[in-house]
Amino acid sequence: MASSCCPVWTAFAALSFTLLAGCRPTPLPAQPAHLVTRSHVTMGTEIEVTAWTGDENRADAAAVAVFGEFDRLDAMLSVWKDASDIVRLNAAAGDHAVPVNDETREVLRVAREVSGLTNGRFDVTFGALSGLWKFDNQDKDDTIPDHREVLKRLPLINYRDVEVDDRAGTAFLKRKGMRVNLGGIGKGYAVDRSVDILRRSGLRDFMIQAGGDMYVAGRRGDRAWRLGIRDPRGPADSSFAMLDLADGTFSTSGDYERFFIKGGRRYHHIIDLTTGEPARGCRSVTLVTERAVIADALAKGVFILGPDEGMALIERTPGVQGVIVSAGNEVLVSSGLRGRIRLLAPPTDAP
C-alpha cells in the first residue's frame, strides 16, 4: 500500500527547518586549558602522562595509547615476561640466534652506542650478575653476594658479544651464560615512542614520566615546565635544584631508589661492571638531552664513571648537559646548564 505524506508533519518540518536556518545554535565555548593527568603501572614503575589542554577527551585517548605502548614494549623487552624477546635471547646464549622484533634490535643498537661512549661502564649484558645482587621488587633481598661468585661472572659481561643482524631480523649472544637486561634503557626507549604518540594525537604541551625518565614538550600554561632534581638524601618530594625546560628529556639515576644499607654502607642497583659492586662515586646524575633512550642509558654510565670522568663525558658529548651530585655531596653542573639551573639549597649531607 502506498504511503501518503502527512500535511501536518510537512508543515512542522518546514517550520523547524526555517527556525534552524534562521537561528543557528551558538557553539559551546572550548573548555579552558588545564592540567590533565593519567597514570598506569608497568615496567616496574608508575607511568604518568600530563597534558596542558582544554580537550580532556583527546588527552584521555592519548594516555590510553601511551600506556598500551608501554605494556607492549614491556612484554617484548622484559626479563620477567615469559616468551619476551629478551627471555628467548638469553635462553639461546652461546647456541643460536633468535628472531626478535625491530624495536628490540633498535634498543640493542642504542645500548651498544652508549656502551662505546662510556667505555663499557654501561653494558646491558650486566644481566650475567642476575640472582646475585637482588634489588628488584620481584626478588628484593639484602644479601651481599659472595665476591668470588661475582668475579666468576664478570667475564661474561661484554657488549661487543651481542650480535644484531637486521637483515635476518635476529640477535645473538655469543657465549653461554651471557644475559641481557634492558632495565637501564627500556623505559627511556618507551618514553621516546610515547612522545611520538602524544604528538600524533595533536597534543603539543605535555609531560611524560616513567620513574626517573621524563620528557616535556611545549609549555605548562604561560611558562615552561618547571622540573626539580631530587635531593638524594632528602625526603622523596624534596628538590635541591630547579630547571625550566620547554622541549627535551630529563633523566635521573640515583643510589636512593633501589638500595639497602648494611653495616652502615649503602648498596644500590647501579653496578660498576669493573668490580661487580655498586658504584661509589656519585649519589645522583641528571641528564638533559633530546632523546630519553640516550639519557636513560648514559646517566647510568656517567654515574659509574664517577663525577670527574662523568662530567668530562657530558661536556664532550654533543647535545648532552647534566648535573652530578658526588659521593662527597658536591654539586657539579655542566657548562650548558650554568645560568639555567637554579640551586635551591645544598643537598642533604648524609650517608
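This is a predicted model: local features need pLDDT of at least 70, side-chain atom pairs count only at pLDDT 80 or more; totals for chains, interfaces and linings use all residues.
**Second stop: strand E16 and its partners**

Select residues 321–326, which make up strand E16, and colour them by burial: 5 of the 6 residues are buried, so the strand is largely enclosed by the rest of the structure. Which strands does E16 pair with? One of them is strand E15, residues 282–289, which runs antiparallel to E16 and is joined to it by 6 bridges; here Val285 stands opposite Ile324 in E16. Another is strand E17, residues 331–333, also antiparallel to E16 and joined to it by 3 bridges, and in this pairing the bridge partner of Val323 is Val333 in E17. Follow the chain from E16 to E17 and you will trace a hairpin with 4 residues between the two strands, where Asn329 in the turn has a positive phi of about 75°.

Two packed helices are described by the angle between their axes and the distance between the axes. Select residues 56–77 for helix H2 and residues 186–200 for helix H6, which pack at an angle of about 150° with their axes 9 Å apart. Angles over 145 degrees count as roughly antiparallel, and H2 and H6 are therefore roughly antiparallel to each other. Their crossing is right-handed. To see the contact itself, show the side chains of the residues that make it, including Ala62, Val66, Phe70 and Leu73 of H2 and Tyr189, Ala190, Ile197 and Leu198 of H6. By class, this contact of H2 with H6 has 10 nonpolar, 1 polar and 4 charged residues.

Next, select helix H4, residues 102–117, and helix H7, residues 292–305, whose axes come within 10 Å and cross at roughly 45°. H4 and H7 are therefore oblique to each other, and their crossing is right-handed. On the H4 side you will find Val110, Glu113 and Val114, which meet Val293, Ile294, Ala297 and Leu298 in H7. By class, the contact of H4 with H7 has 6 nonpolar, no polar and 1 charged residues.

**Last stop: Gln209**

Finally, centre the view on Gln209, which lies in strand E6, residues 206–210. How exposed is Gln209? Gln209 is partly exposed, with a relative accessible area of 26%. Leaving aside residues up to four places away in sequence, Gln209 touches Glu46, Ile47, Glu48 and Met214. To end the tour, select Leu313 as well: Gln209 and Leu313 are 104 residues apart in sequence and 25 Å apart in space, C-alpha to C-alpha.

How values were computed:
Residues are numbered from 1 along each chain as its sequence is written. Side-chain values use heavy atoms; hydrogens and water are left out. Axes are lines fitted to C-alpha atoms, for helices over the stretch in contact, and angles run from 0 to 180 degrees between N-to-C directions. Angles under 35 degrees count as roughly parallel, over 145 as roughly antiparallel, 65 to 115 as roughly perpendicular and the rest as oblique. A crossing is left-handed if the near helix is turned anticlockwise from the far one by less than a right angle, and right-handed if clockwise. Contact means heavy atoms within 4.5 Å. Ala, Val, Leu, Ile, Met, Phe, Trp, Tyr, Cys and Pro count as nonpolar, Asp, Glu, Lys and Arg as charged, and the others, Gly among them, as polar. Buried means under 20% relative accessible area, exposed over 50%, partly exposed in between (1.4 Å probe, protein chains only). Two strands pair if DSSP finds at least two bridges between them.
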